[in-house]
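Welcome! Try each task before you read its solution.

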Amino acid sequence: MSDHCRLHSSGFTLSGILAFLSLLLAACAFAENGPPLPQPQPPAQVENQQPDLVTHEQEQQQLLQQQLEQLYFEVSDSIGREPVYTSSYLLDLYRKNQFNLLWDNKDNIAQLMGAIVASAEEGLTPDDYHLKALTHYGNELQDHGGSTARKVEYDILLSDALVLLGQHKRYGKVDPAKVEEKQNLAATTPRLSPIDAYLGAIRTGTVRVTLDKLSPHHPSYLNLKEALSQYKKYAGKGGWHSVPLGPSLRPGMVDQRVAAIRNRLAATGEYRPKGGGESNLYDDQLKTAVRAFQARHHVEPDGVVGKGTVSAMNVSVSDRINQIRVNLERTRWVVHDMPSSSLIIDIAGFALQYYHDNQQVWNTKVMVGQPYHQTPIFRSAITYIVLNPTWTPTPDIVKNETVPSIVKDPDYLAKQRLRVFDSSGSEIDPHSIRWQQYQGRYLPYTLRQDPGLDNSLGVIKFLFPNPYHVYLHDTPSKSLFGRTQRAFSHGCIRVQNPLELGRLILTNDPGNPITIDKMNQILASGKTTTVILKQPLPIYLMYLTTNVRDGKVMFKPDLYSRDGGILTALNAPPSRLESAIQVPESKNGVSSNQHVTVEKTVKFVRASDQQNQADPNAKDSL
């Protein structure tokens with residue numbers, strides 16, 4: 001039996017439910033706004049005209065309220081053929097305006113339309129925000145007037161575009177949970193309801209300013225916006241031609257493809273002819289340009305035009321534009337409440353950046369997980385540091401790597417300084433164990449490597465709560481940091497200069513009894529020691545295949561093949577936004593932090609309630 005049939009069989013009809021809801025909303029409006037103000041009596045000379053005017057306004061209000069209720073309760077999900085994405089927001093928005101139309105100011109409409117068109121500058125799609133439909137409605141109503149129904153439809157679509165665009169600029173269009181297998185990028189504080197801000201923008205004529213403020217203003221985002229503009233200009237000039245494949249080219253060689261390489265690098269500014277350079281000789285000027293291109297595209301900057309370099313050159317301008325769009329979206333997911341001090345791990349760029357007081361003060365190289373041991377993206381906070389750590393291999397590492405190594409080499413455990421413990425913590429003689437029986441099976445013992453310079457975690461590790469058992473640590477394998485591509489780990493992050501990172505963190509952790517001198521003494525002692533941070537340091541593990549560094553647009557290989565899913569979702573029609581309707585505070589004691597439960601996933605709180613509902617240190621403690 002359908003839901004509609006069940007309603008009738010229970011003695012309820014849809015019209016009855018809507019009528020009841022109208023009374024409930026009216027009561028809520030009364031509780032929130034008080035009784036309506038008394039209306040002044042009209043002058044006697046227009047007495048006969050007033051009833052018609054009131055009737056028209058009432059008709060308009062009733063039609064608007066009916067449309068909104070039908071959209072909210074999914075009796076319909078569109079205006080004509082145009083989907084409506086923010087129905088739960090709209091019901092609250094118009095209720096606060098006593099179900100009157102909102103868009104009677106042409107300048108407000110022009111501001112909104114301008115913002116919709118400008119959304120393309122941030123990698124969004126203007127047609128997601130009803131650009132074509134609103135243009136059609138606007139032209140029709142301007143040229144021919146229009147019925148009350150058409151004016152109501154136009155008003156609702158304008159409001160829907162405003163709310164949808166604002167939320168996409170603030171938090172992103174794509175739900176990261178649907179495109180990333182492992183992530184935890186939820187905001188650290190509850191999202192405030194945006195309705196009052198949007199209503200205020202309409203009433204004060206500040207629609208464009210309000211929307212512009214919702215876009216991130218972090219330098220990383222602004223730099224990517226500029227990169228998008230730059231690459232769109234390249235596209236406007238026709239992009240670039242492909243470089244033919246062939247044997248590797250080295251400086252001093254003569255090859256017909258040299259001209260194609262010059263033209264390709266001239267298109268993106270690495271190569272600037274200084275006279276000559278017309279021959280097929282791979283000269284020093286071209287070598288400098290090739291190395292600059294390689295550095296920007298995470299190819300070994302050796303000046304050799306091999307397969308990897310040619311492949312990077314032959315990525316089309318449209319694909320580079322989409323890559324920038326994808327990373328603008330990734331940045332929108334997290335940058336809206338970025339704390340003043342944090343660590344950012346750029347997984348695709350194999351880099352760690354340390355921000356303090358909103359300034360990048362330090363960076364270093366890192367190694368990340370291999371493609372089949374992918375480092376996940378999430379946010380957390382470093383809560384403690386371990387000096388001279390022991391290392392306990394994970395059950396998967398023991399099963400797949402350690403046990404087979406022991407079977408091949410009985411002295412493997414001694415060479416690796418690995419000790420064996422049973423479930424009670426008692427040490428076991430490894431020679432008493434028949435290791436062959438545990439091949440391909442999980443070992444019922446725990447292996448542990450003692451502290452030391454050859455410990456797999458080095459001499460320091462940094463812990464932050466997460467369900468993936470990922471942490472930062474030192475490594476004895478320092479030579480691998482010389483590689484351009486550094487995906488070597490089982491998922492954890494190896495840091496090139498971890499002791500310097502530890503000293504920076506402790507320096508900026510006021511009140512910590514472990515000073516730099518004390519830290520050095522502990523390291524020298526070889527004793528395993530845990531250092532609890534007074535102020536946890538937020539950490540973001542992010543996967544950015546494009547960013548801007550020192551004014552240069554950097555493109556990185558999509559190591560884990562994650563860009564495609566985000567791009568598909570970014571180009572797809574928007575998803576409907578979900579929210580919760582607030583129950584206004586009333587005189588009979590209903591608390592303002594109560595909500596009508598409507599199966600919505602995002603909980604909104606009022607600004608006045610935020611202190612009570614959120615951890616006051618959430619932004620810093622993550």
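Axes are lines fitted to C-alpha atoms, for helices over the stretch in contact, and angles run from 0 to 180 degrees between N-to-C directions. This is a predicted model, in which local features need pLDDT of at least 70 and side-chain atom pairs count only at pLDDT 80 or more, while totals for chains, interfaces and linings use all residues. Residues are numbered from 1 along each chain as its sequence is written, and side-chain values use heavy atoms, with hydrogens and water left out.

**Exercise 1.** Describe how helix 5 and helix 6 pack.

Step 1. Angles over 145 degrees count as roughly antiparallel, so helix 5 and helix 6 are roughly antiparallel to each other.

Step 2. Look at who meets whom: Met113, Ile116 and Val117 of helix 5 touch Leu131, Leu134 and Thr135 of helix 6 (contact means heavy atoms within 4.5 Å).

**Exercise 2.** Which residues touch the most other members of the largest nonpolar core?

Step 1. Recall the term: a nonpolar core is a set of buried (under 20% relative accessible area, 1.4 Å probe, protein chains only) Ala, Val, Leu, Ile, Met, Phe, Trp, Tyr and Cys residues joined through side-chain atoms within 4.5 Å.

Step 2. Among the 70 residues of this core, they are Leu343, Leu352, Ile382, Trp435, Phe464, Leu472 and Leu541.

Step 3. Strand 15 (residues 529-542; strands are DSSP runs of E, at least two residues) gives the most to this core, with 7 residues.

Step 4. Zoom in on Leu343: leaving aside neighbours within four places in sequence, its contacts include Leu352, Ile382 and Leu472.

Notes. Buried means under 20% relative accessible area, exposed over 50%, partly exposed in between (1.4 Å probe, protein chains only). Helices (H or I, at least four residues) and strands (E, at least two) are DSSP runs, numbered from the N terminus. Angles under 35 degrees count as roughly parallel, over 145 as roughly antiparallel, 65 to 115 as roughly perpendicular and the rest as oblique.
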